[in-house]
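Here's a quick briefing to read alongside the model. Have the viewer open and follow along.

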Amino acid sequence: MASHRRPKQPSRARVTVLTTAAAAAVAISAQAANAAPSAKPSKDEVKAKVDKLYEQAEQATEKYNGAKEKQEKLQKEISTIQDNVARGQQDLNKLRDGLGSLAAGQYRSGGIDPSVQLFLSSDPQDYLDKAATLDQLSGQQVDALKKIQDKQRELAQERAEATEKLKDLAATRTELGNKKKEVQGKLAEAQRLLNSLTAQEKKQLAEEQQRSTRASERTVLTGNVHGSGRAGAAFSAAQTRIGSPYVYGATGPSSFDCSGLTSWAYAQAGVSIPRTSEAQANIGTRIYSQSQLQVGDLVFFYGDLHHVGLYAGNGQVLHAPHTGAVVRYEAIGNMPFQFGVRV
């Protein structure tokens, strides 16, 4: 007869564990179901994030400008050295030809001097190091060999200098590419945030900026401020560019970045100033009090001086702000002012 056994009952501990796990799962599910979706950032929050990204992009832009300027300078220096080397090699060849002619003359008159023969088949540097042989040479030969030695030393130094500059150029090009990617990355992120706004929000932001710009324009125009000298001429030139778009790395005449505008404006006044904002901060006389600024003075913002504009009078600045904006007036208090520079 088959035996009938009662099924084994789960232990109390196992029942407790399963019940607790089930309760936790239910609680988590309930929390997930009841959790409010993440709130969409407001227009003002998006603007604040975008402004920060634009600031970071401009920091990278000024580093990009510096690397680009250094690259151009290195390329010119390398070209000059290479031209010097080419001319020096021609001079060296002439000196050697001259010594060869001397040797030929000796051969025709009875045989080549052993010292000259030695030179023609070896390095003159090594040859001249053997001072004991110098008494075997005529004064003309000694003079020719020393000229060759000096020219070879000069060429060796120039070639070594060119090699180092070429290495520096390669590193600068790498930095240039990295900064360009950084700028583009920041701008792409800013655009992504702006694209998240509704059409109405975008319109509101644009209207707010227009009101701010018009207020700054009225302040400048009603103040009837005028610059003098070359600073005034630079400011007048910059005024003709109002409305031109900001483009990183641009120096005009149809688009600008911040230091591109200031360097272009001063160039129109016949004054050459450095390309980057950081370098521009180190020319002329620094002015730390806003009340002492004059129209056309350079004005610098942020602790690392990555932004520069031209003082427009009455607490306003004329500048190229950032990507997506145009050359315009703006209240100097909208940015962290550091100091001005009178060129």
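Helix α6 (residues 199-223) lies across β3, β4 and β5, and runs at about 90° to β5. Angles here go from 0 to 180 degrees between N-to-C directions, with axes fitted to C-alpha atoms, for helices over the stretch in contact. Helix α8 (residues 258-268) packs on the sheet too, touching β2 (298-301), β3 and β4, and its direction makes about 55° with that of β3. Contact means heavy atoms within 4.5 Å.

A word on provenance: this is a predicted model, where local features need pLDDT of at least 70 and side-chain atom pairs count only at pLDDT 80 or more, while totals for chains, interfaces and linings use all residues. Residues are numbered from 1 along each chain as its sequence is written, and side-chain values use heavy atoms, with hydrogens and water left out.

**Overall make-up**
- The chain has 9 helices and 6 strands; these are DSSP runs numbered from the N terminus (helices H or I, at least four residues; strands E, at least two).
- Of the 343 residues in the chain, 37% are buried (buried is under 20% relative accessible area, exposed over 50%, partly exposed in between, with a 1.4 Å probe and protein chains only).
- Take the contacts between residues at least 6 apart in sequence: 68% of them join residues at least 24 apart.

**The sheet**
- The 6 strands form an open sheet in the order β1-β6-β2-β3-β4-β5, with antiparallel pairing (two strands pair if DSSP finds at least two bridges between them).
- β1 (285-287) and β5 (328-331) sit at the edges with a single partner strand each, so one side of each has no neighbour in the sheet.
- From one strand to the next, the twist averages 40°.
- β3 (residues 307-313) and β4 (residues 316-319) pair antiparallel over 3 bridges, and Gly-313 stands opposite Gln-316 in β4.
- The hairpin of β3 and β4 has 2 residues between the strands, and Asn-314 takes a positive phi near 50° there.
- β4 also joins β5 through 4 bridges, again antiparallel, with Leu-318 opposite Tyr-329 in β5.
- In a regular strand, side chains alternate between the two faces of the sheet.
- In β4, Gln-316 and Leu-318 point one way and Val-317 and His-319 the other, and all are buried.

**Helix α7**
- The buried residues of α7 (residues 229-239) are Ala-231, Gly-232, Ala-234, Phe-235, Ala-237 and Ala-238.
- The cover over those buried residues includes α8, β3, β4 and β5.

**The largest pocket**
- Its volume is about 930 Å³ (a pocket is an open set of points on a 1 Å grid over the protein atoms alone, with protein on both sides within 12 Å along at least five of seven lines; a cavity is a set where a 1.4 Å probe fits but cannot get out; lining residues have an atom within 4 Å of a point).
- Volumes are the space filled by probe spheres set on the points, which are joined across faces, edges and corners.
- Of the 30 residues lining the pocket, the closest to its centre are Lys-47, Asp-51, Gln-209, His-322 and Arg-328.
- α2 (43-108), α6 and β5 are the elements giving two or more residues to the pocket lining, and α6 has the largest share with 8 residues.
- The pocket lining divides into 10 nonpolar, 11 polar and 9 charged residues (nonpolar: Ala, Val, Leu, Ile, Met, Phe, Trp, Tyr, Cys and Pro; charged: Asp, Glu, Lys and Arg; polar: the others, Gly among them).

**The cavity**
- A search of the whole structure turns up 1 cavity of 30 Å³ or more, and the largest cavity holds about 40 Å³ of space.
- Residues lining the largest cavity include Tyr-54, Glu-58, Tyr-246, Tyr-248 and His-322.
- α2 and α5 (139-195) each give two or more residues to the cavity lining, with α2 giving the largest share, 4 residues.
- The cavity lining divides into 6 nonpolar, 3 polar and 1 charged.

**The β2-β3 loop**
- Gly-303 lies in the loop between β2 and β3, and is exposed with a relative accessible area of 67%.
- Gly-303 and Gln-338 are 35 residues apart in sequence and 7.0 Å apart in space, C-alpha to C-alpha.
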